[in-house]
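User: Hi! I'd like to go through this one with you, a few quick questions at a time. Ready when you are.
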Amino acid sequence: MVTASIVAYHTPVDELTHLLDCIIQSKIDTLYLIDNSSNDSLRELGNKSSKIVYIYSDNLGYGHGHNIAIRKAIERNSDYHVVINPDVYWEGAVIEGLQAFMNKQQDCGLVMPKVLYPNGELQYLCKLLPTPMDLFGRRFLPFKGIKQKRDARFELHASGYDKTMEVPSLSGCFMFMRVEVLRKVGMFDERFFMYAEDLDLCRRIGEVSKTMYYPGVTIYHAYGKGSYKNKKLLKYHICSVIKYFNKWGWIWDGKRNRINRRILGSIVKLLPPQSEL
């Protein structure tokens, strides 16, 4: 069984409808549409299909909303649960491809497909575990050349994004997760209202299983980068990043360093001999 969840917050109906059509045509058995809006005007979307379960919720954060659905997935003994952003869509058998991948990779707890912008440009969403400089420096450092070089390493550009690989930090825009692993590590940490909750959960999953990137299937993600445009969202982002480093360590995080070295080493082995990270 595959369940999924979307957390909406005054999301445009046409945007949600596009995604819902993808889900209805897929092998997802049940979609939990969690509505964190200030009104329930999206309720009518629950009538599109018997697969859709509409749940109106107080807005206690992105992770809190998805946790409502993850609890139901655990109660129903679902095999896999997919966390999906409202601004995602796809063509073809994406869910089926990821399910087949996970069925073969029993040591994998989380997989993310290749992610493209709507214009077909690649999104670099495979990342190392971040240092404070990785997250704060890329936003506030004034030196463009230094930022580009750091980002290329942090986002694993040299891998080419064309090979299956283990990645310690994967985007929360589309998280295909093994429910058995979620039982072990728990759900989203609700202390994160918005941002960094995906990084935190990905890291916890990575402590008991592999977190993988699989380019065999592709999705599209509008990726508005809201915190770059909205001061309120920027505040949420900064607060969540601070909470993340308070939880896992700021400068002294030996486990992060060991994991990143291992990942970089494994990626080098995937490259032609003349290539370097």
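User: Is Arg150 buried, exposed or partly exposed?
Analyst: Arg150 counts as partly exposed, because its relative accessibility is 34%. Buried means under 20% relative accessible area, exposed over 50%, and partly exposed in between (1.4 Å probe, protein chains only). Keep in mind that this is a predicted model: local features need pLDDT of at least 70, side-chain atom pairs count only at pLDDT 80 or more, and totals for chains, interfaces and linings use all residues. Residues are numbered from 1 along each chain as its sequence is written, and side-chain values use heavy atoms, with hydrogens and water left out.

User: Which side chain meets Arg150 in a salt bridge?
Analyst: That's Asp134, at 3.1 Å from N to O. A salt bridge here is a side-chain nitrogen of Lys or Arg within 4 Å of a carboxyl oxygen of Asp or Glu. Asp134 lies in helix α4 (residues 132-140) and Arg150 in helix α5 (residues 144-154), so the pair ties together parts that are 16 residues apart in sequence. Helices (H or I, at least four residues) and strands (E, at least two) are DSSP runs, numbered from the N terminus.

User: And Asp134, buried or exposed?
Analyst: Buried, because its relative accessibility is 11%.

User: How many salt bridges does the structure hold?
Analyst: There are 14. One of them joins Asp253 and Arg256 at 4.0 Å, N to O, and both of those residues are buried. Salt bridges with shared partners also connect Asp189, Arg191, Asp200, Arg204 and Lys247 in one network.

User: Switching to helix α3, which residues are buried there?
Analyst: In α3 (residues 94-104) they are Val94, Ile95, Gly97, Leu98, Phe101 and Met102. Viewed down the axis of α3, they fall within an arc of 165 degrees, so they line one face of the helix. The arc is that of the directions from the helix axis to the C-beta atoms.

User: What do they pack against?
Analyst: Several strands, including β1 (2-8), β4 (80-84) and β6 (108-116). Contact means heavy atoms within 4.5 Å.

User: Last topic, aromatics. How many pairs does the search find?
Analyst: It finds 12 across the whole structure. Rings of Phe, Tyr and Trp (its six-membered ring) pair if their centres lie within 6.5 Å; planes under 30 degrees apart count as stacked, over 60 as edge-to-face and the rest as tilted. Tyr244 and Trp248 have ring centres 6.4 Å apart and planes at 35 degrees, so that pair is tilted. Both lie in helix α8, four residues apart, about one turn of the helix.
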